[in-house]
Amino acid sequence: MTKQTKTIITIVVFAAFLAIVYWGYSALSQTFNPQAPGSNSTDSAPTDELQAAPDFTVFDQAGKPVKLSDFAGKPVVLNFWASWCPPCKSEMPHFNTVYQDQKDEVVFLMINQTDGQRETKAKGLQYIANQGFDFPIYFDTEFEASTAYGISSIPTTLFINPAGEIVSGYRGAIDEATLRSGIEAIKN
């Protein structure tokens, strides 16, 4: 076999590989829509049977424990993120913009998944400071919140109504319109 024939075969095999990967990604994307954790539903509208939001403890910047139940009776946006996560970084400007508009009406719990190695409190704080974001961040140093919600990928965002029920949620980065829509669903 000539060198030119080997090159053509390699290109054809690589193109076939890319086609298979694209097909697989498309099939999985349609099957697993980014919705509430544990749900593969394509409908993000509230259902008649809302799940109670599990309580947890995280820590504020000063190291003081903060519980979800501290915000009982208020609508809550719960977001899990890390500074090393590109999709998390892409949605943060949207959160900051909406936080400015809604901070008096909605609680934003921006939960940094702080494992102490890949993500540290210092890295999370530095990222927020460098970007000029001013929403409060909390640190899940013991992964209590992440475990309570079964977080397997970040970013993940949940919308909790004043009754303490999860109304909707999304895996993956969300945009400003989606964030605002989720907030409207929990403000009533």
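Predicted model: local features only at pLDDT ≥ 70, side-chain atom pairs only at ≥ 80, totals over all residues.

User: Why is V13 called exposed?

Analyst: V13 has a relative accessible area of 52%. The cut-off for exposed is over 50%, so V13 counts as exposed. Its place is in helix α1, residues 3–31.

User: What makes M1, I9 and V13 a patch?

Analyst: A patch takes residues with over 30% relative accessible area and no salt bridge, joining nonpolar side chains (Val, Leu, Ile, Met, Phe, Trp, Tyr) within 5 Å and like charges within 9 Å. M1, I9 and V13 form a nonpolar patch of this kind on the surface, and together they have about 330 Å² of accessible area. Such areas come from the Shrake-Rupley method with a 1.4 Å probe, where for residues only the protein chains shown count as cover. For the protein, the accessible surface comes to about 10400 Å², and 56% of that belongs to carbon and sulfur atoms.

User: How many helices and strands are there, and what counts as one?

Analyst: The protein has five helices and eight strands. Both are DSSP runs numbered from the N terminus: helices are H or I with at least four residues, strands are E with at least two. The order from the N terminus is α-β-β-β-β-α-β-α-β-α-β-β-α.

User: What makes a group of residues a nonpolar core?

Analyst: The members must be buried Ala, Val, Leu, Ile, Met, Phe, Trp, Tyr or Cys residues, joined through side-chain atoms within 4.5 Å. The largest such core here has 45 residues, and L109 and Y149 have the most contacts inside it. Elements that each supply at least two of its residues include β4 (76–81), α2 (86–102) and β5 (107–112). Of the 188 residues of the protein, 37% count as buried.

User: Which residues does L109 touch?

Analyst: Contact means heavy atoms within 4.5 Å. Leaving aside neighbours within four places in sequence, L109 is in contact with F56, L68, F71, V76, V77, L78, N79 and Y138.

User: How do you know that R180 and D101 form a salt bridge?

Analyst: A salt bridge needs a side-chain nitrogen of Lys or Arg within 4 Å of a carboxyl oxygen of Asp or Glu. For R180 and D101 the N to O distance is 2.5 Å, so by the 4 Å limit the pair qualifies. This pair links distant parts of the chain, with R180 in helix α5 and D101 in helix α2, 79 residues apart. A search of the whole structure finds four salt bridges.

User: What about K187 and E184?

Analyst: Their side chains meet in a salt bridge at 3.7 Å, N to O. K187 and E184 both lie in helix α5, three residues apart, about one turn of the helix. Elsewhere, salt bridges that share partners join D101, E176 and R180 into one network.

Technical notes: Residues numbered from 1 in each chain as written. Heavy atoms only, no water. Buried < 20%, exposed > 50% of the residue type's maximum accessible area, 1.4 Å probe, protein only.
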